[in-house]
Amino acid sequence: MGYKITTVDHVVLAVSDLDAAIETWQDTYGLTLSDRHESPGGFEAALFPMENSLLELVQPIDDNPRNPVRLQIDRKGEGLFILSLGVDDLDAAVADLRAKGCVVTDPSGDEHRISFVSPKNAHGARLQLIER
């Protein structure tokens, strides 16, 4: 293996009511909201930084029935949407996983680079690899 998984970079939870979810994570768990924004992907996000990782809450905001956040909530309800693992060499990680038969998207991004691993290769989890 020519790469190393270095951290759980962030966890993304799909939620039906972003305001209520923000309140829960602030009031119940003591996290501090650092950013709230709309994404061109058809969802609104709220970010809670922690010492070495980040919790991101996402709520669909468009009526697109193919919106992946909406599909997740409709099919499985609220919960884990993406597990993002930090890697030290994304190109090596993608090459290694593909050599092992995994379906992995090509790396993309400028500020940080990401790839997604098929849930079929991660026991149903939507797995993101990120190199910062």
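**Notebook: sheet, helices and pockets**

I began with S1 and S5, which pair in the antiparallel sense over eight bridges; I count two strands as paired if DSSP finds at least two bridges between them, and I take helices (H or I, at least four residues) and strands (E, at least two) as DSSP runs, numbered from the N terminus. Before going further I noted that this is a predicted model, in which local features need pLDDT of at least 70 and side-chain atom pairs count only at pLDDT 80 or more, while totals for chains, interfaces and linings use all residues. Residues are numbered from 1 along each chain as its sequence is written, and side-chain values use heavy atoms, with hydrogens and water left out.

**The sheet**

S7 in turn pairs with S6 in the antiparallel sense, over five bridges, with Ile 114 standing opposite Ile 130 in S7.

I then wrote down the whole order: seven strands form an open sheet, S2-S3-S4-S1-S5-S7-S6, with mixed pairing. S2 and S6 stand at the edges with a single partner strand each, so one side of each is left without a neighbour in the sheet. From one strand to the next, the twist averages 25°; for such angles, axes are lines fitted to C-alpha atoms, for helices over the stretch in contact, and the angles run from 0 to 180 degrees between N-to-C directions.

**Helices on the sheet**

Helix H1, residues 18–28, packs on the sheet and touches S1, S2, S3 and S4, and its direction makes about 5° with that of S3; contact here means heavy atoms within 4.5 Å. I found helix H3, residues 90–99, lying across S5, S6 and S7, where it runs at about 15° to S6.

I next followed S3, which pairs with S2 in the antiparallel sense over five bridges, Ser 39 having Phe 43 as its bridge partner in S3. Three residues lie between the strands in the hairpin of S2 and S3, and in that hairpin Gly 42 takes a positive phi near 90°. On to S4: seven bridges join S3 to S4, antiparallel again, and these two strands form a hairpin with four residues between them.

Is S3 enclosed or open? Six of its seven residues are buried, so S3 is largely enclosed by the rest of the structure; buried means under 20% relative accessible area, exposed over 50%, and partly exposed in between, with a 1.4 Å probe and protein chains only.

Within S3 I picked Glu 44, which is buried with a relative accessible area of 16% and stands opposite Gln 59 in S4. Leaving out residues up to four places away in sequence, I listed what Glu 44 touches, including Leu 18, Arg 36, His 37 and Leu 57. Its C-alpha atom is separated by 9.6 Å from that of Asp 62, 18 residues apart along the chain.

**Ser 118**

I also looked up Ser 118, in the loop between S6 and S7, and it counts as buried at 15% relative accessibility. From Ser 118 to Ala 45 I noted 73 residues in sequence and 23 Å in space, C-alpha to C-alpha.

About 430 Å³ of space lies in the largest pocket, and of its 21 lining residues the closest to the centre are His 10, Val 12, Phe 43, Glu 56 and Gln 128. S4 gives the largest share of that lining, three residues.

The second largest pocket holds about 250 Å³ of space and is lined by 13 residues, among them Gln 72, Lys 76 and Phe 81. H2 supplies the largest share of this second lining, five residues.

Note on methods:
1 Å grid on protein atoms, 1.4 Å probe; cavity = no way out; pocket = protein on both sides within 12 Å on 5 of 7 lines; lining within 4 Å. Points joined across faces, edges and corners; volume = space filled by probe spheres on them.
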